[in-house]
Structure formats: structure tokens, C-alpha cells
Amino acid sequence: MSLTIKNGEIFGIVGYSGAGKSTLLRCLNLLERPTSGQVIIDGVDLTTLNKKELRQARLKIGMIFQHFHLVSSKTVFENVAFALKAAKKSKDEIEKRVNELLEMVGLSDKRDAYPSQLSGGQKQRVGIARALANEPTVLLCDEATSALDPSTTKSILALLKKINRELGITIVLITHEMEVVKDICDRIAVMQDGKVIELGTVYDIFTNPKEELTKSFINSVLQFDLPDHLLKKRTGTIVKIQFKGEMAEEAVVSDMLQTFKVKGNILHGKIEYIQDMPLGIFVMELTGEPDEIQRAIDYISLRTNGLEVIASAA
Amino acid sequence: MLLDSLINLIPELNKAFLETLYMVAISLSVAIIAGLPLGILLFVTDRGLFLENTTVKSILGFVVNMIRSIPFVILLVGLLPLTKLITGTTIGPTAASVSLSVAAIPFFARIVETSLREIDKGVIEAAVAVGATPWMIIKDVLLPEARPGIVHGITITTISLVGYSAMAGIVGGGGIGDLAIRFGYYRYDDTVMITTIVILICLVQIIQFAGDRIARLVDKR
């Protein structure tokens, strides 16, 4: 496979476990050496480096892990200082930089605590501080939020986003949680059986998924299951309408209702903001003459991102 | 009568006790100095680790297993030429310490290796990912993380050495165990036998107690 990740973007790799996304990520800092091929970061092919050069290169590639992987017998300060020691920084520099980093991740008061005294979110913040110690250009996140509860996940994602925007660090993250991708990624790759099967901006993938796997991932976020009793009771045609971008702000539905002799009843709906762009999804029941309904459906299909008939009139 | 024989025994007991301490102290020191690096080497040259080296790993592993499979009594006698070379004599507690050390090094090395194996591989990997040198990983990750396990290992090694040192009598090493065998076993002197055994029990209990305390003190997890 060939994959290019742009400078300064947040790139997500999604897939079920066993898809090879973890292996792919670990190839980026050669924790796992690819049997063939190149890994080029900032113009340098890592596979050609000797041990010493590789260590130097790794200083500039931060990595955080699902289970944090902190040294349990060392304090928060010492854990972060370790990365700086690897870069052969002086004692004074280390002292100063660690304090800066702990300030940035909001853990200044936990400086002398041991990892066992911290919550999961705090441990991940220490992990982030350690990964950023040597001002890396790339940050690799290996399921960094999968072991955290939803609200902690949000705060860690916000921190990652801040790091990306303020420090300009390229972030590559792998996850099986579509929520994570939706919240912070710019582009994503969907992986299956060791191959990238779909690649694009998050918005494009969410509004127009092509592969079945991608669709199933997206459904996990944009869940639209109607209760059974609603489907049984219905008399008209149930349609799912998707609006994207500026379409979501136009009055297509009300125009349709005025133009055709159909009645519309909204059963379900929501607008998600992905990368600050709206994606609206509504489920409506249309009642009226079959011809009119068909024309209404055609009208909407043309003017929106997509219309899917979930159930035709009984 | 019983008290009398005990009092008569005191100088003998005292000497034997000091001899045991002497032998155990020397061989334990050697075991730690040589066994710790050996144990680390056995671990870091293993497959998938940062100094992976199959040749070194198999040679070291083979030598360690070989020494460990020789019964101590045979090792004691078999190493007499080496003992002569190092200490200039083949009898006495110093001479016995050579064989005790040789037996203790691989024993302790395996214990070190095992306690290193208990460390979460991810923590080691994180250190590799950070760009740390092998020496830094050993000093700042492996040793601190395995510290409680290594302290337990020292306790176990010490107690085993107390046991092994009883056989040192064969080369005139002396010690409490030897006293028990010579007076208690060969001469059917129950008083000596029981006294020495009580002393050995107390010694082992104290070592275990102290070892556990220290292990808890250094455990920051």
C-alpha cells in the first residue's frame, strides 16, 4: 500500500481489529520494520538509517498508546524527563521543559505523583507530554482514547486538536471509534485486510461513503433506526433524506411540500457538524397520491445529497 | 546437663555462624555483580527486544542451564582446580565461596531474567519509540520496573546459599550446616543438631522478612 499524509493534518486510520492499522502505525517509527518498501518522514527514509540515526529520528516522532505505557516506578516528572534525557538535554533544560509540558497538558500539580495515583485521562496526558517532549513533527496515536471513558475521550481529543492547531504537529491516529474520527480528523483511510479501501476527507467519507465497511462504520455514528411500531403503523412512504453543506440551510423540504400534494411528517432527524460543515439527515413519512409522492421524491433527490426510500407506501 | 553442653557449644556455634555469613556474603556479592548483568543480557537479547541477538542468547542460555544442571556437591569438588587458582587453597570457607559463587551466578541470573520478563512489553516499546539508547532503557526502565522482583530474587538466592553452604563442609568450609552434619548427624548429638537447625530456621526467617520489607519499600507501583 502507498499512503501520503500531509504536513500538519490530523489523519485517521480506521478499521476493525486485525485490519492491520496498528501494524501500519508501528511501521511509521519502525517499531515494526516493513519487509519491503519505504517509510519517509520529513523527506528521510527511515528504513535506510542505522541504529543511531534511527534513534535521532525517533526523537522527532512522538507516540502515545492505548494503555499509556508509563514507567510505573517513576514519577510523572521522571517519565517525561526520560524522553528529554534520550535527547541528551542538560538537567536545567529538562527541568524547564518538563514544567512547560506539564503546564500544557494541565498536570503541573501531579509532577511528583506516580502513575498508579493517576486516572486514565491523566496518564494519557503524561503520555502526551512525554511524546511531545522533543518537539516532534509527527505524533502517532495508537488507539489513544480506546481505554478512556467518553468524557475523558472528549478532553483528550480536544487536547490533541489543540496540539495540532497550535504547534502544527501532524497527527496520525488509529481507532475503531468513528466518533473520534468525526471529532478531530481532517482525512481518513479505512483499512481492511491490510489494505486501504477508502481514503478521503472526513466530510466526503461521511457524506458519500462508497465501501460497505465504510458505510457500516458511519452508521455507528449516524444511527437512524426507527422503532418497529412506527414502521408498522405507517401509512405512507418513509424516506431518508441527507443534506450536506449549504443544502442543509435551504428550505428544500418546505418547497417540496408546497409544490406537491403530499404531506410530510418528520419521524427522525439530526444535523451533525463534521469539520464545522453541517450534515443533515431526516427521516420523513410522505403521504398522498402515489404519483405525487414519486414526483416529490424525484424533486428532493435532485436537490439534496441523497434520498433513500426506507419503506414504500402500504 | 543440656544447658552445659549448649554453653560448651557456644564458641563452636559462633565460629560456624560467622563462617556461614562469610560464605553467603561473598557468594551473594559475586552472584549480584555477575548475575545481574547476565540476567539482563539474557533478557534483552531475546527475540523481539531491543538488543535481539539469537547467538548470544543461545550460548548464554546454554551455559547457564549447564551450570544449573550440575549437582552442587559435584560442582564443589569439580571446581577445586579453579578454586586453587583463584584463592590459592582448596579448603576453608574462602575456597567454598568460589563454588558457591559459580552456582549462584546462573541461579540469580535466571531470577533477574524472569523478573524482567514481567515488565509490560509496551513500556519497553514506549522507551524505544522515544529514541532512548539501550543503556538508558536498562538503567531507567528495566531496572526500576523490575526492582521489587530483583529484591525478591536476592532474598531467594540468599536463602538458597544458606542451604548450599551446609555442603561446604566437604571442602572444610565450615558453617552452621556443616556443624549440624558433623556433630548432629554423624555423632548423633541431638542437642547440636536441634540447636543448629533452630539457628538456621531463625536465619532464613530473618532473611525472608528483611527481603520482603525491602521489596515493599522499593515498590512504587
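Reply: Let us begin with contacts: two residues are in contact if their C-beta atoms, placed from the backbone, lie within 7 Å. The model is predicted, so local features need pLDDT of at least 70 and side-chain atom pairs count only at pLDDT 80 or more, while totals for chains, interfaces and linings use all residues. Residues are numbered from 1 along each chain as its sequence is written, and chains are lettered from A, and ligands numbered from 1, in the order in which they are written.

Me: How many residues of chain A are in contact with chain B?

Reply: The contact involves 21 residues of chain A and 19 residues of chain B. On the side of chain A that touches chain B, at least two residues each come from α2 (51–59), β4 (61–65) and α3 (76–86). Helices (H or I, at least four residues) and strands (E, at least two) are DSSP runs, numbered from the N terminus.

Me: Which classes of residue make up that side of chain A?

Reply: Ala, Val, Leu, Ile, Met, Phe, Trp, Tyr, Cys and Pro count as nonpolar, Asp, Glu, Lys and Arg as charged, and the others, Gly among them, as polar. The side of chain A that touches chain B has nine nonpolar, seven polar and five charged residues.

Me: What helices and strands does each chain have?

Reply: Chain A has 12 helices and 12 strands. Chain B has nine helices and zero strands. Along the principal axes, the C-alpha trace of chain A spans about 80 × 45 × 30 Å, and the C-alpha atoms of chain B fill a box of roughly 70 × 40 × 25 Å.

Me: How is burial read, and what part of each chain is buried?

Reply: A residue is buried if 20 or more other C-beta atoms, placed from the backbone, lie within 10 Å of its own. Buried residues make up 36% of the 314 residues in chain A and 39% of the 221 residues of chain B.

Me: Which residues do the UniProt annotations cover?

Reply: UniProt positions are given here in the numbering of this model, feature names are shortened, and annotations may be inferred rather than shown by experiment. An unreviewed UniProt entry lists "domain: ABC transporter" for residues 1–218 of chain A; that span is 43% helix and 17% strand. For chain B, the "transmembrane region" annotation, also from an unreviewed entry, covers spans including 85–109 and 192–211. Residues 85–109 of chain B are 80% helix, with end C-alpha atoms 24 Å apart. Residues 192–211 of chain B are 100% helix, and their end C-alpha atoms lie 28 Å apart.

Notes:
A residue is buried if 20 or more other C-beta atoms lie within 10 Å of its own, exposed if 12 or fewer, and partly exposed in between; C-beta atoms are placed from the backbone.
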